[in-house]
Amino acid sequence: SRRAMGRAMGLAGVLVGLFLVPAVLVSTSLRHGAPRAEPAPEPAERELGSGAVPEDSLWPLPQWLRTSRRQLQLAPARFQLVHGAGSSAGPACGLLQDAFRRYYEYMFGQSRWRRGRRPLGARAEPELSQLQVVIESRDPGCHSYPHLASNEAYHLTVTEPVAVLKANEVWGALRGLETFSQLVHEDDYGSFLVNESEIDDFPRFAHRGILLDTSRHYLPLKSILTNLDAMAFNKFNVLHWHIVDDQSFPYQSIYFPELSDKGAYSYNHVYTPTDVRLVIEYARLRGIRVIPEFDTPGHTQSWGKGQKGLLTPCYSGEQPTGSFGPVNPILNTTYNFMTKFFKEISSVFPDAYIHLGGDEVNFDCWKSNPEVKEFMKKQGFGIDYAKLESYYIQKILNIVSSYDKGYMVWQEVFDNKAQLKPETVVQVWMENNYAHELSSVTGAGFTAILAAPWYLDYISYGQDWKKYYSVEPLNFPGSEKQKKLLIGGEACLWGEFVDATNLTPRLWPRASAVGERLWSSRNVTNLQDAYKRLTNHRCRML
């Protein structure tokens, strides 16, 4: 695309060397108060005039759009993004003011018009002078955080002399600004054009997430922020921050600084309280929730370095081996620590949910430990260590809910029959027969999120985006009521083989395929059309 958008913070540097031609591209490759936007969205309608230009390609595709051949011209020196008459938001709305600046820059920032003006009157199109943004709800949401029931719907009309973007809340306005910026394109002579259009749009699913793992490899702040920009370009709205794991503990705790002092890769490889606040605010300004994951009782080797006595000592016969297993579930000190720790996490992260993990717990160390075996006997658990895991998880869930937080867990917590509160969100990740798992989880009345078909750390030769694009999340056995319990999905990029050098090209534009699947209407499935639009979208993201 000739539209060099200045799209933020180095997406270009990493991507440009990797994809030299569009053909290569893909080979790297609510309504208010309701959790889902629309139970059965209307088919996406497209009435594209034949004058629509190739750059005028939207991603993800809106629910309904009509584009005419008539083009309007935008003059960067005169065009304005403004608050429209009757909007409940105004210049005091920092979130929108910030978005206006950002999107002006995306549309015009790197353009040739700054370097040398073209002759006036070279084109005769009428001029579009403004985009007026009107927030219709009494409380626009300028200073709040996005949440599961946030309304991201918007209506965009582009006609001479002003375009109008209407949304109930600021979150819808952010999505509409992204769409408007995608409609604007630059011709060969440096003119900015937009086709007269009307768009009515809302997300199909309310939870559209990207998982980043900052424990296997530390990701510098800049990489996380760049990724948040890319998420906004693709209308994702959840950063699932898998912040700690066995390998390292980069989260700098206020109550327990030793956790990162001893558990991080080094003093430089930490996220300070200021870093965390910055990520949360940067995300908020883009309509993105930040859900932290502190996975226990497994995946916790790095916790043990700064918190003595937290992990279970492993035994060989009568003797401790010197190695440690999962969190020790039989000690009161464990729960005292977790109570204080999750109190901190609940206040640091404003989202209504915390992800508590609970996956891949290896029982061998518990089985080897004589005190654990004694505890099992006392509790009447026999030799069923899944019961011990559920005992531990139950206590953690109670701690977290005492801080008025909801929680998400990986599917094993459900599979191992822990007593879950009705509002628990279960994340389905095991690819083997995930449709059956979705059926079981929703059949038991729990809300679900799908990640199984979208593990983007698995790479293969060729255009693997097609595989991600072709998934239909609701293809599982169950009633309409069950289908409504699937609130969305996540593309996961685990970090064993990913760091700042390859994060962006590994994730984008492959994750874009997941973004459209979770936003657009169910019937948007044409791979050839998607290929054309995705090729243009990738150029635009550079």
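1. Let me begin with Tyr353. Leaving aside residues up to four places away in sequence, Y353 touches L148, R289, I291, P292, G406, Y407, M408, E423 and V425. Please keep in mind throughout that this is a predicted model. Y353 belongs to strand 14, and with a relative accessibility of 16% it counts as buried, because the limit for buried is under 20%.

2. Next, the aromatic rings. How many aromatic pairs does the count come to? The count comes to 35 aromatic pairs. One of them joins Y251 and F294: the ring centres are 5.4 Å apart and the planes stand at 80°, so this pair is edge-to-face. Y251 and F294 come from distant parts of the chain, 43 residues apart. Y251 is in the loop between strand 10 (238-242) and helix 6 (258-263), while F294 is in the loop between strand 11 (289-293) and helix 8 (301-306). Are these two residues buried or exposed? Y251 is buried, at a relative accessible area of 2%, and F294 is buried too, at 0%.

3. A second ring pair deserves a look. Y255 and F256 have ring centres 6.5 Å apart and planes at 75°, so they also form an edge-to-face pair.

4. The charged end of K235 sits over the ring of W519, at 5.7 Å from the ring centre. Likewise, the charged end of R517 sits over the ring of Y469, and here the distance to the centre is 4.6 Å.

5. On the helix 3 side the contact uses L95, L96, A99, F100, R102, Y103 and M107. These meet V170, W171, A173, L174, L177, E178, F180 and S181 of helix 4. By residue type, the contact of helix 3 with helix 4 divides into twelve nonpolar, one polar and two charged.

6. The other helix pair has another geometry. How do helix 11 (residues 370-379) and helix 12 (residues 385-401) cross? Their axes come within 11 Å and cross at roughly 85°, which makes helix 11 roughly perpendicular to helix 12. V372, K373, F375, M376 and Q379 of helix 11 make the contact with Y385, L388 and Y391 of helix 12. The residues of this contact divide into six nonpolar, one polar and one charged.

7. While you are at helix 11, have a look at P370, which is placed in that helix. P370 is partly exposed, with a relative accessible area of 39%. Its C-alpha lies 8.0 Å from that of E318, although P370 and E318 are 52 residues apart in sequence.

8. Some backbone details are worth checking by eye, and the cis peptide bonds come up here. The bond from W59 to P60 is cis, with omega near -5°. P60 is found in the loop between strand 1 (45-48) and strand 2 (64-74). E160 and P161 are also joined by a cis peptide bond, with omega about 0°. P161 is in the loop between strand 5 (154-158) and strand 6 (162-167).

9. My last point concerns phi. Which value does phi of E360 take? Phi of E360 is near 45°, a positive value in a residue other than glycine. E360 is in the loop between strand 14 (353-355) and helix 10 (364-368), and E360 is partly exposed, with a relative accessible area of 45%. D404 has a positive phi as well, near 60°, and is likewise a residue other than glycine. D404 lies in the loop between helix 12 and strand 15 (406-410). At 71% relative accessibility, D404 counts as exposed, because the limit for exposed is over 50%.

Key: Residues are numbered from 1 along each chain as its sequence is written. This is a predicted model: local features need pLDDT of at least 70, side-chain atom pairs count only at pLDDT 80 or more; totals for chains, interfaces and linings use all residues. Side-chain values use heavy atoms; hydrogens and water are left out. Rings of Phe, Tyr and Trp (its six-membered ring) pair if their centres lie within 6.5 Å; planes under 30 degrees apart count as stacked, over 60 as edge-to-face and the rest as tilted. Helices (H or I, at least four residues) and strands (E, at least two) are DSSP runs, numbered from the N terminus. Buried means under 20% relative accessible area, exposed over 50%, partly exposed in between (1.4 Å probe, protein chains only). A charge sits over a ring if NZ of Lys or CZ of Arg is within 6 Å of the ring centre and within 35 degrees of the ring normal. Axes are lines fitted to C-alpha atoms, for helices over the stretch in contact, and angles run from 0 to 180 degrees between N-to-C directions. Angles under 35 degrees count as roughly parallel, over 145 as roughly antiparallel, 65 to 115 as roughly perpendicular and the rest as oblique. Contact means heavy atoms within 4.5 Å. Ala, Val, Leu, Ile, Met, Phe, Trp, Tyr, Cys and Pro count as nonpolar, Asp, Glu, Lys and Arg as charged, and the others, Gly among them, as polar.
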